[in-house]
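Reader: I'm new to looking at protein models. Could you walk me through how to read one?
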Amino acid sequence: MNIVYTVNIGRIVQAALERLEGLGLEAHFSNNLTLRSHKGETRYDLEVKAQLSLASLSATLCHLKKHPQPLLVATHLSPNVIEELIKRGVEFIDTSGNCYLDSDVGYILVRGQKRLPIKETTPFSQAGLKLVFALLTQPELHTYRDIATASDVSLGKVSTAMKALLEQGYLFKTATGKIQVADRDQLIKRWELGYSETIRPKLNPCGFRLSQSLDSFVKTLEAGIIGGEWVAAKLTKFLRPESVTVYLSSVARQKLQREAKLIPTAERPQVYLLDEFQTTKTKVAHPLLIRAELLALGDERLREVADKLLKDEHV
């Protein structure tokens, strides 16, 4: 199955894999999990649970049956749940180091481990997401210093985030030492989720309606970077745009709101004003940022346009 990443799920999987260290297993984690040992290897379909109790176990077991080689990944599992899983032959690993594996990698059973906290470090913090955006939009970046400059992130935070991205398999080093994206599609999905959950809320998004036509408003814009539905429509020629997203400084936002006589509204805004995010010499946002914005707005009509951006290889 394909994993739908959230910050919590990413932490759970990473923490559980860290607990496997010392058991002689090699793990490769992308859309699924491949475990290798000196005896063999097994490719698992992951089912990740933030919480699992005896009361909710039945539904989880039914879902696991849909997968040919399921592996349950969870936060700390109670002794009663562990006992039931073993009885039913359900392989699992948890964030405290308890695990039950019975496949080509061998038979491994570890139980009785005390609850351990999950590390809160993640490469998908606000700084990490800015770094990921730079890597996806500027593949020529290779040195940490260049990445720091391009993403406007400190060198120390770049080093920390890059280490985590490498460890989690999002990036890899070539034989010549260059860093490359391992799975561009998967990293784009993670970026889009991070934009919606972490980046966009901190850009102070506000919606407005206009007292003029949308095209007239866009044509008179002097400051900011234009994105969202209006640019997506121009790229795909797939729909008639009903809104535009503009990224600009707080001073420019106030000036634009005043001069364009923008009227605040939460009902089908024609204009979305957000703080600056992308540094560019052009006045148009990168298609990756445009697609993430469309998905964040949660409109099915815009999702179709976002998918067309990807299909037509604008992203």
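Predicted model: local features only at pLDDT ≥ 70, side-chain atom pairs only at ≥ 80, totals over all residues.

Reader: Take C62 and C206, then. Are they buried or exposed, or something in between?

Author: Here's the scale: buried means under 20% relative accessible area, exposed means over 50%, and partly exposed is in between (1.4 Å probe, protein chains only). C62 has 45% relative accessibility, so it counts as partly exposed. C206, with 32%, is partly exposed too.

Reader: How do I read strands and the way they pair?

Author: Helices (H or I, at least four residues) and strands (E, at least two) are DSSP runs, numbered from the N terminus. Two strands pair if DSSP finds at least two bridges between them. A hairpin of four residues joins β2 to β3, and R36 stands opposite E41 in β3. Strand β3 also runs parallel to β4 (residues 70–74), with five bridges joining them. There, D45 has P70 in β4 as its bridge partner.

Reader: What is the strand order in the open sheet of five strands?

Author: The order is β11-β12-β14-β10-β13, and the pairing is mixed. At the edges are β11 (225–227) and β13 (263–264), each pairing on one side only. Strand β10 (residues 206–209) and β13 run antiparallel, joined by two bridges; R209 has I263 in β13 as its bridge partner. Contact means heavy atoms within 4.5 Å, and helix α11 (residues 287–296) packs on this sheet, touching β11, β12 (244–248) and β14 (271–275). Axes are lines fitted to C-alpha atoms, for helices over the stretch in contact, and angles run from 0 to 180 degrees between N-to-C directions. The direction of α11 makes about 120 degrees with that of β12.

Reader: Which residues does Y272 touch?

Author: Y272 is found in strand β14. Leaving out residues up to four places away in sequence, its contacts include R200, C206, V246 and L297. With a relative accessible area of 15%, Y272 is buried.

Reader: And how do I read aromatic rings?

Author: A pair of aromatic rings is described by the distance of the centres and the angle of the planes. Rings of Phe, Tyr and Trp (its six-membered ring) pair if their centres lie within 6.5 Å; planes under 30 degrees apart count as stacked, over 60 as edge-to-face and the rest as tilted. This structure holds seven aromatic pairs. In one of them, F124 and Y170 have ring centres 5.2 Å apart and planes at 85 degrees, so the pair is edge-to-face. Both F124 and Y170 are buried. Another pair, W191 and F277, is stacked, at 5.8 Å centre to centre with 25 degrees between the planes. W191 sits in helix α7 (residues 184–199) and F277 in the loop between β14 and α11, 86 residues apart.

Reader: Which residues do ring pairs link into a cluster?

Author: F133, W191, Y195 and F277.

Note on methods. Residues numbered from 1 in each chain as written. Heavy atoms only, no water.
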